[in-house]
Amino acid sequence: RRPEADLSEIAMFRKVPICSHLARTRGQMATNRQITTELSNFLFVKMRLSFLIAVFVVPLLLPDVTTRRCVASRRFRVLMQSSETIDDPTMPWNESDARISGYYEQIGVSYVVGVQLAAVPGTDKFLFMERPSDRHPDGEHYNAGVLDVHTREFTNVECNTSLENAGHSFLPDGRVAVLAGHKTQSKYPEGRKLPNGQIVVMGDSPSPVGPGKDDAMKNPFYEIWDPTINAVRSMQLSASFLTKTKEQIPARDNRGALLFRPLGGGDDAQPRLTFSSVLLPNGKVLLIGGAKVGLMGDAASGGVAMANEPNLVPALYDPQAPAGKRYTELAQTLIPRLLHSTAGLTTNGTVLVAGGDRSNRFWSTVPYSPSPTSFPEYRNEIFHPPFVFDTEHKPTITDCPSIIKYGESLNVIEYTIPNASSVVTSVVLVAPSSDTHTRNMHQRLVGLRIVESSTEEPADSGKSVSVQGPPNANIAPPGLYMLFLLNGDVYGQAKWLEVLLIGQAPVQLQESSCKDTY
């Protein structure tokens, strides 16, 4: 909650966990190596041509693509990219279109790639964490920093620990818990806050990640960390449970990838992998970024992107809609977000979109704006869902409690709404985002039961609604949440409040500065 301080002040943890979804089988890697070898042999061995000649000859054979030189494992490759790239990613603004499909807004650059992205509870800020990248826009070499969504300012954070492939969760008092990492620590951990405020850490790769190492990547131990006394206890999973974790998701030309495809019902959603999903306050899910084909991960040689055809069009999933009508395509961007891209919900209901460090050496079938810094992508965007543009029916919180207790009914929230005949129809708590490697597992939306609501507008144009607190900590673990009021699917600016455990000291919250702009 104090991003200007050193990251050492944010709760750090020892070695831990893994998400094994990046594992690739020997067969997959063998197939990739075979394709690469055949292409290299054809272009550069059998033809006996230098690379300079190939640059001029290949475009004549393939007029619709450009060729680029790529060195990988001391071999040359020719990779095909879209014939049209666009330097300026700014999308044209049209309010009538934005009310239907939303709008992408570019908000400048960060000095750290958002490989890991965690909201800083109680603020309008996000913590960026990366694996070591180059070409930082400020010329520095920090691996962590904080972006203020309201001011658009980015501040580097000093940290001498590797944060590559770290996991993260949140303590009940709002601090960000950073779990493990790469190099001398372990890789791909996942952390979850328990109802008692402790953190369970799972996954992890106790051995090097690479082709054919699936079995070695399975860590059978879970660890439970009690931050109040800084103590850890472990438990071991059964071998039968671990065996099932080797199963992968088949998907046509995307063997072994975590590829999203709609299940039944005739829904027509584009395939998507290496993407982010963001739970919106109205219960709909925003699927954003990613690619249409390929694999999740890096090529074993040279770090070339294994995901191709960027999916520039986000989709909105509505679980309450009839089958066949649950997916709606929204406004597109021009900035590809492939491996290691992230997204998170802000306090005004928009979505911060960041990251991507394999933003080069891929192919695309549509025009796009290439990263100015090759592999790392430092440009950040805000996606405005269409709901935020309905200002007439948007509730604005004027007063609310800073603390809410389990089962308590005396929680009065005062608000205004421009449309005199409209009232709040639902009240929800949304947990802060914690996103990396397509996983935003800290997301949680808790609907609060309305016990009383004013239906007549007083002279001062204010209204009120009374809600009951969450039933127990299993439904809403203790900590900081964003409080949203909704009128149908339309929501306004949130307020941070704390769901408090018995005996827990309350957090001193600051007034949010991220105001509605629509």
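This is a predicted model: local features need pLDDT of at least 70, side-chain atom pairs count only at pLDDT 80 or more; totals for chains, interfaces and linings use all residues.
Student: How many disulfides does a search of the whole structure find?

Tutor: A disulfide is a covalent bond between the sulfur atoms of two cysteines. To count as one here, a pair of cysteine sulfur atoms must lie within 2.5 Å. The search of the whole structure gives a count of zero.

Student: Is Cys400 buried or exposed?

Tutor: A residue counts as buried when its relative accessible area is under 20%. Cys400 has a relative accessibility of 19%. Because this value falls under the cut-off, Cys400 is classed as buried.

Student: Which strands stand at the edges of the open sheet of four strands?

Tutor: Strands of a sheet pair through backbone hydrogen bonds, either parallel or antiparallel. In this sheet the order is β4-β25-β24-β23, and the pairing is antiparallel. Each edge strand has a single partner strand, so one side of it is left without a neighbour in the sheet. The strands at the edges are β4 and β23.

Student: Which residue in β25 stands opposite Glu105?

Tutor: Strand β4 comprises residues 103-109, and strand β25 comprises residues 379-384. Five bridges join these two antiparallel strands. The residue in β25 opposite Glu105 is Ile382.

Technical notes
Residues are numbered from 1 along each chain as its sequence is written. Side-chain values use heavy atoms; hydrogens and water are left out. Buried means under 20% relative accessible area, exposed over 50%, partly exposed in between (1.4 Å probe, protein chains only). Two strands pair if DSSP finds at least two bridges between them.
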